[in-house]
Amino acid sequence: MDTDQSPDDGLTPLLHNSTGLSPPSNASLHTTLVNRNGNIWTAVAHIITGVIGSGVLSLAWSMSQLGWIAGPLSIISFALMSLLSAFLLCECYRSPHPDFGPSRNGSYMDAVKAILGNWSVWLCDIFFRLNLFKTGVVYIITSGISMRAIQQSNCYHKDGHKASCEYEDTSYMLIFGIVQIFVSQIPDFSDTKWLSIVAAIMSFTYAGIGSALGLAKVLGDGQIKGSIQGAPAATRAQKVWSSCQALGDVAFGFNYALILLNIQDTLRSPPEEKATMKKASVISTSITTFFYLCCGGFGYAAFGNSTPGNLLTGFGFYEPYWLLDFANACIVLHLVGGYQVYSQPQFALAERSFVEKFPDSVLVCKNFPVKLPWLPSFRLNLLRLCFRTAYVALTITIGMIFPYFNQVVAVAGAFTYWPLVIHFPLEMYLVQKNIRPYTGKWVALRVYSAIALLVAMFALVGSIEGLVSAKFGSNYDSRAPRI
């Protein structure tokens, strides 16, 4: 039974140990730093907050490419795969024994290091950092598109739906990036519960608005559009590439493996942490899948083959314009906090490395107290200022070079899905449970991993082709319009 609890309610941001410059020196210190008073409902809230994001807005387009049978089946299949991976990861919280192991693995990387060893940590670290970085790029692109959509919506309302309301989104990406440069100087978000709360409210709001507008259009038109085979393409190859890209978009919406152990580390016991986490995973995955099916299904039913790439910025909807403005404002507010949630671990990993290598450097270790209006006081140093500014600038630059929402989301979803959601959880589970090679369970899990790898490669190749075509090709407009 755990006694290391605190009065906290368990709703602090999940990356509790990732934003400091030095890790806990031993397991007992780690225990004192972690609030373990969470329950099944706080875990459900954390998972939903981490899963439902801007990628949900591309699901209607994904459904339009896959059709009424393959579209919903792909969403359900990825949901089941993510749920299975969650169950495998739940067994990796304690080590060396999954039930009685004295050591806790409070993060994904901790588990990989404890169970699989240093070589796997090195490989996993590459994918881990890439996953955080690509999510930041997606958020930069989405924020620029959403801010531009607000200006377009007002223009269409004022000048009519056929008006030429074309605006560049690069300036909006710059504005969002400048905000992130300032916000990034706050070294630790562990005391700002409002971040997760606001993000959850905003994500539910804009996804709910998108679903509601789609349903309203279906009811207003009196028909359900779409087909079993999905939107036609000029050639069979283009249809294959579009289907690949659609799978990548769906994969992006079901990647919460990286935060699962962080969530499990906030849970009180008894009951056993993994039992609570498995129940929370089932509940949250069911809610998320239902939400995704509604958002994707209502959007596809409303627009059929002409479904826009982003349900709220592709201007399938023009009215009520104020509701569209509000939804897109919610997206931007969500992304302000979401960018930091995915960037702070990146900052901490790099800055911790510098501190360990240059412990006496004034540039690295000298802190200056800073207090800004409406923000908590924090301590600023030159390393943090330079590195974090350069990191944000790099995500902005890549976002400007490839400002294609659907394509970038698809590549981001497909690239790290298999190694982080399938491979490492499965390998850790095999070690934890001491499953011998060529037994029935071992063969079944290997076959499952191989099938998932083929699907991920299929999605990745098509997503990269879509991104290259979006940037350099002439057949781009026939598939997923830039939005």
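This is a predicted model: local features need pLDDT of at least 70, side-chain atom pairs count only at pLDDT 80 or more; totals for chains, interfaces and linings use all residues.
User: Happy to start with α8: how far does the helix reach from its first C-alpha to its last?
Analyst: Helix α8 covers residues 236–252, which is 17 residues. At 1.5 Å a residue, a span of 24 Å is expected. The model comes close to that, with a reach of 25 Å.

User: How is α8 oriented relative to α15: roughly parallel or roughly perpendicular?
Analyst: The two axes come within 7 Å and cross at roughly 110 degrees. An angle from 65 to 115 degrees counts as roughly perpendicular. Therefore α8 is, relative to α15, roughly perpendicular.

User: Is that crossing of α8 and α15 left-handed or right-handed, and which residues of α8 make the contact?
Analyst: The crossing of α8 and α15 is left-handed. On the α15 side, the contact involves residues including Phe-458, Val-461, Gly-462 and Glu-465. On the α8 side, the residues are Val-240, Trp-241, Cys-244, Gln-245, Leu-247 and Gly-248.

User: Now Lys-274: is this residue buried or exposed, and which side chain makes a polar contact with the side chain of Lys-274?
Analyst: Lys-274 lies in helix α10 (residues 273–303). Its relative accessible area is 10%, so Lys-274 is buried. Leaving aside neighbours within four places in sequence, Lys-274 is in contact with residues including Cys-90, Pro-98, Asp-99, Gln-264 and Lys-433. The polar contact, at 2.7 Å, is with the side chain of Glu-91.

User: And Thr-307: where is this residue found, and which backbone oxygen does the side chain of Thr-307 reach?
Analyst: Thr-307 is found in the loop between α10 and α11 (321–357). With a relative accessible area of 5%, Thr-307 is buried. Not counting residues up to four places away in sequence, Thr-307 touches Ala-60, Trp-61, Ser-64, Gly-299 and Tyr-300. At 2.6 Å, the side chain of Thr-307 reaches the backbone oxygen of Gly-304.

Methods
Residues are numbered from 1 along each chain as its sequence is written. Side-chain values use heavy atoms; hydrogens and water are left out. Helices (H or I, at least four residues) and strands (E, at least two) are DSSP runs, numbered from the N terminus. The expected span of a helix is 1.5 Å times one less than its number of residues. Buried means under 20% relative accessible area, exposed over 50%, partly exposed in between (1.4 Å probe, protein chains only). A polar contact is a pair of N or O atoms within 3.5 Å; within protein, one must be able to donate a hydrogen and the other to accept it, and residues adjacent in sequence count only if both atoms are side-chain atoms. Contact means heavy atoms within 4.5 Å. Axes are lines fitted to C-alpha atoms, for helices over the stretch in contact, and angles run from 0 to 180 degrees between N-to-C directions. Angles under 35 degrees count as roughly parallel, over 145 as roughly antiparallel, 65 to 115 as roughly perpendicular and the rest as oblique. A crossing is left-handed if the near helix is turned anticlockwise from the far one by less than a right angle, and right-handed if clockwise.
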